[in-house]
Structures are given as C-alpha cells and as structure tokens.
Amino acid sequence: MLATVIGFLYQFADTFAFLILSSVGLAIIFGMMGVINLAHGEFIMCGAYVTVLTARAGLPLPLAMVLGALTAGIIGMLIEYFVIRRLYTRLFDSIVATWAISLIATQGMLIVVGPSIEGLKTPFGSFDLAGLSFSWYRILLPVIALLILGGIYWLFMKTPFGVRARATIQNPSMARALGVDTDRVYALTFGLGAALAGLTGALYAPTMTTVPTMGSAFIVQSFVTVVVGGADVLLGAAPAAAVLAFIQSVLTASYGQLIGQVGLLLTVIVVVRVLPKGISGWMLRGSN
Amino acid sequence: MSIEHTILDVKDLHAGYGRTPILQGIDFRVGRGEIVAIIGRNGVGKSTLMKSLIGLLPSTRGGITFAGADVTREPANARALRGIGYIPQGRQIFPRLTVRENLMMGRTIGGSGREKLLDLVLRYFPILESRQDQKAGTMSGGEQQQLAIGRALIGNPYLMLLDEPSEGIQPSIVQQIARNVRELNRELGLSVLFVEQNIDMILSMAQRCYVMDKGRIVDQVAPAQLADDSVVRRYLAV
C-alpha cells in the first residue's frame, strides 16, 4: 500500500514537473505575444546540446545549464528580430515560419553534429524507499519547476519590466505613447520564452538521449498544457499541469503508459470543448 | 511667436489611413505655457491629428517641430520621452493593471523627481490615492479620465495632448477636470493642446481656439467669441 502511494506521488510529481517545464516557454510566447511558436521543441534541443557539450568539455553542470538557457535565449532574440517581428499581425504566417525554423534546426543539427552525441550521467544518484528506487534528481525537478513559476510571477507582477510587458499586451499603441519601446519588450519576452525552453532542455539533458529530434518528446505535452491552462501562464500553468499530471499518473499506474497518454489527450479534447479559453480564461471570465 | 516661445509647430501636416487622406495640410502653433483648443465637427480629423502628433500615425507630408526639434520621423515612444503626454480619446487606461501600475507606466519616462510628481498627481486627483490597488478597468469614466491625465503627468511632460476629455463624463467631473488642467498649466507652466466639442469645457479651458474642417485648420477664434451662439453653430453644429 505504502509503496503504491509513494510510487504514485513520485510519478505525479515527475509528470507535473515535465508538463510545467515543457510548457512555460511556449506559454509565455503565446500568452504575451499571441505567437504560436512551433520551434519551441528546438529551443529545448538547443539548451540540451549546449549543456551536454559544455559539461563534457569540463564546465560544472549548473553553469553548463545556465549557458544552455542563455544560448537558447539569445538565438530566440535573433529569430525574433529577423523573422517573428515581421509577422506579428499574421498568425498563420508566424506558425509556418516557426515550423520552418524547427525543420531547419532539426535537420541542420543532424547534418552538422550527427544523429546523437554521448550524453551525461544523471547527477545525485538514487535512494530506496518502500522497496522502490527513486532518483534524487527527478525529485529536484518539480521543486525547480515551482521555483521557475514563482520567478515568472515575480518578474511579471513585481518588476517595472513586468508592468511594461503586461501593459504592452493589453494596449501596445498606448504603451508606446507612454514611452515604452514595445519592440524591445517583444524581443525580450520572446528571448525569455526561448531561454526558458532552453533551460528545460538543459534540465532534462542528463536524463535523456541528446538527439536532434528530442524536441518532439516535449512538444505534445507543452501544447497540451498551454491549451488546458489558457493564455495566462501565471494563472493557468500550475493548475493545468496538476490536473493533467493527476489524470496521467492515475491511468499510467492502473493501465500502463499507453492508456496514460491516451487519457491525457482525451482530457484536452474535453477541456477544449468545455473551457475553450482554458483554465485561466475560465478564472478571468467576466473581468474584461 | 518666436521659436523659443513655441513648444509645438506644425507645418503642412498630411496623414491618413491607407490611401484615405484625413489630414490635408494642417498648420498651427502652440506657445509655451498656452492652452489651445482645436474645435470642429465630428469626423473632421481632430483625433487623427492628435494621433499623428504623438506619433501613432505616420505623417505622409509636412513636419512637426517639438521644443525646437524636428520629430516628424520619430516613433511615439521617442516623442513621449521628449515630453509629449498623450491622453487619448476613450482614455485607454490599462484595464487589467491596478491604478498604481497604470501610474507606474507613466514613470517609464519619469527620470528624476518622479516621486514629487506622484505626490503632485495624488494632490490633484485624490481619488487615485484611495484606489491604488483597484483594477483600473473597474473605475468609472470620470475616474479613468483622471487616471489617464495623472499617468501622462508622471512622465513630466512639457505639452499635454488631450483628446475629447469631456466625452462620456458627467458635467460636474468635467468642470473639475477643466479646473485641474488650468491649475496644472499655471503651477507647472504646462502647455496644453486639446480637442473638444463640449462648449463649456472649451470656454473654461482654452486661451486660443483653432477651428478644423475637412482635414485643415480653417479659422482661429478667441474663446470669448464662442459665447455667441451663432458662432458656435457655425463651427460646431452638425
């Protein structure tokens, strides 16, 4: 009994962390800028590659991870400047453009770096409890996921940049008339979303094989969480991830991985039908 | 009027939406410390002129000189930093930000001495102090107008552009806002250019009036002349 409960909690926390981490970057870019970034998985891949390569070159792992996130963020800002900026009022064009960037990045990495590189060992080892084996690192990930959500909340609710960014989403031309360089706000927001995606890749790099197509391992979960959470990442991400992680963990524990995935996708279909604006849209209903 | 006494000088300004020209050669000046009104019927291009002055609508011909600098090609954010405060039609406060956060937005420009400006704004518009943590979208039209003016003031502007400040606001608040703007003009030497159809507000604020029609400035009248109904009918009646 104890083993079942502990096993379930571990599975739930692990799924919760994965859903939060895979979706925050996508959610910020979608929620703050209305851009559906199909290259999201490739920013994750970028963070993972930089982390693995620099860590194997001798950089301490935490620094390698920060470097992975920063690299993805800088590349994100460059892509915003050269591509996305021209497509802000053209939703479908921006979807096609980011999909193209995704294909170029995946195939480019395959040609330049090859099909796979030697990975990293998962740090901190593991421990046994109630006859089951648990990885310390995987227990740390949900904590990091919550810290990242807290950090995003602080950034957007408590800092001058956050106030300017929220004002820019609500009324870009008025923000501009008050002296805000809205182009810069968009560039920084896109860069932040890309950096968070890179950080996700960096954090999961020690737990999975680093391959050019690894972004696709995150992309379904990331879109599912954003659709269920809605446009407001601060309100929607945590409850969406909690609900989805609960459903997936229960089904996985009872019927196995496949049914867990099926249940996740069925939940999304139901949510889209009942709450078309997601959990945050439902929480904000009536307030403008 | 010499250059150093002119805060805003507009020459042959043309602007429009797409291929539709709205402003077709606007010429006028605002002196430092002056309160100037632009009056005219609905649809003659008054709001378009204001948008074009702050830089939200690019001009296709002509020029705008602000405080001696040619700002014709500058974006709105650069003009705001030079000291143009814009209070648009419909107020356009940020509805899902609190009153305090809306005021903070004005501080983007601020620079030094903004704490003193916040005190000043709260002294002129005490309602904002008691509503600091309220979402701005839940306030009444008159309160939102005061917030919009306060938000522009915190940027420490030399010139305030007010677009139809009386629109959708009850008469007692209109008078209060007019009085506040006059006092701000006296106390800070703030120049004001406003667009208005409400004759009471024009009479209570304006030192000079330009009349606009079909995208051009067609006449200049002294506010005293507007006390005469036949003059008002000629310029404002539909």
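Colleague: In chain B, what is the strand order of the open sheet of 6 strands?
Modeller: In this predicted model, the open sheet of chain B runs in the order S6-S7-S8-S3-S9-S10, and the pairing of its 6 strands is mixed.

Colleague: Which strands stand at the edges?
Modeller: Those are S6(B), covering 84–87, and S10(B), covering 216–221; each has a single partner strand, so one side of each is left without a neighbour in the sheet.

Colleague: By how many degrees are neighbouring strands turned against each other?
Modeller: On average the angle between neighbouring strands of this sheet is 20 degrees, with direction ignored.

Colleague: Which helix packs on the sheet?
Modeller: Helix H6(B), residues 141–154, packs there and touches both S6(B) and strand S7(B), which covers 159–163. The direction of H6(B) makes about 165 degrees with that of S6(B).

Colleague: How many residues of H6(B) are buried?
Modeller: The count is 12 of 14, so H6(B) is largely enclosed by the rest of the structure. The buried residues of H6(B) include Leu147(B), Ile149(B) and Leu153(B), and also Glu143(B) and Arg151(B). As for its length, H6(B) reaches 20 Å from its first C-alpha to its last, close to the 20 Å expected at 1.5 Å a residue.

Colleague: And what follows H6(B)?
Modeller: Asn156(B) follows H6(B), and its phi is positive, near 55 degrees. Asn156(B) lies in the loop between H6 and S7 of chain B, and with 21 C-beta neighbours inside 10 Å it counts as buried. For background, most residues other than glycine have a negative phi.

Colleague: Changing topic, how many residues of chain B are in contact with chain A?
Modeller: On the chain B side 23 residues take part, and they are in contact with 17 residues of chain A. Helix H2(B), 76–82, and helix H3(B), 99–110, each supply at least two residues of that side of chain B, and the largest share, 6 residues, comes from H3(B). Sorted by kind, the residues on the side of chain B that touches chain A are 14 nonpolar, 6 polar and 3 charged.

Colleague: Which residues have the most contacts inside the largest nonpolar core?
Modeller: They are Ile20(A) and Leu161(B), in a core of 152 residues. Helix H1(A), residues 2–33, gives the largest share of this core, 14 residues.

Colleague: What does Ile20(A) touch?
Modeller: Leaving aside residues up to four places away in sequence, Ile20(A) touches Ala145(A), Leu149(A), Ala237(A), Ala238(A) and Ala241(A). One of these, Ala145(A), is also among the buried residues of helix H5(A), together with Leu141(A), Pro142(A), Ile148(A) and Phe156(A).

Colleague: What do the buried residues of H5(A) pack against?
Modeller: They pack against four helices of chain A, namely H1, H6 (160–170), H8 (182–204) and H10 (233–255). The 23 residues of H5(A), 136–158, should span 33 Å at 1.5 Å a residue, and the end C-alpha atoms are 32 Å apart, which agrees.

Colleague: Last one: where is Phe124(A) found?
Modeller: Phe124(A) is in the loop between helix H4(A), 91–112, and strand S1(A), 126–129. Phe124(A) has a positive phi of about 75 degrees although it is not a glycine, and with 13 C-beta neighbours inside 10 Å it counts as partly exposed.

Methods
Residues are numbered from 1 along each chain as its sequence is written. Chains are lettered from A and ligands numbered from 1 in the order in which they are written. This is a predicted model: local features need pLDDT of at least 70, side-chain atom pairs count only at pLDDT 80 or more; totals for chains, interfaces and linings use all residues. A nonpolar core is a set of buried Ala, Val, Leu, Ile, Met, Phe, Trp, Tyr and Cys residues joined through C-beta atoms within 7 Å. A residue is buried if 20 or more other C-beta atoms lie within 10 Å of its own, exposed if 12 or fewer, and partly exposed in between; C-beta atoms are placed from the backbone. Two residues are in contact if their C-beta atoms, placed from the backbone, lie within 7 Å. Ala, Val, Leu, Ile, Met, Phe, Trp, Tyr, Cys and Pro count as nonpolar, Asp, Glu, Lys and Arg as charged, and the others, Gly among them, as polar. Two strands pair if DSSP finds at least two bridges between them. Axes are lines fitted to C-alpha atoms, for helices over the stretch in contact, and angles run from 0 to 180 degrees between N-to-C directions. The expected span of a helix is 1.5 Å times one less than its number of residues.
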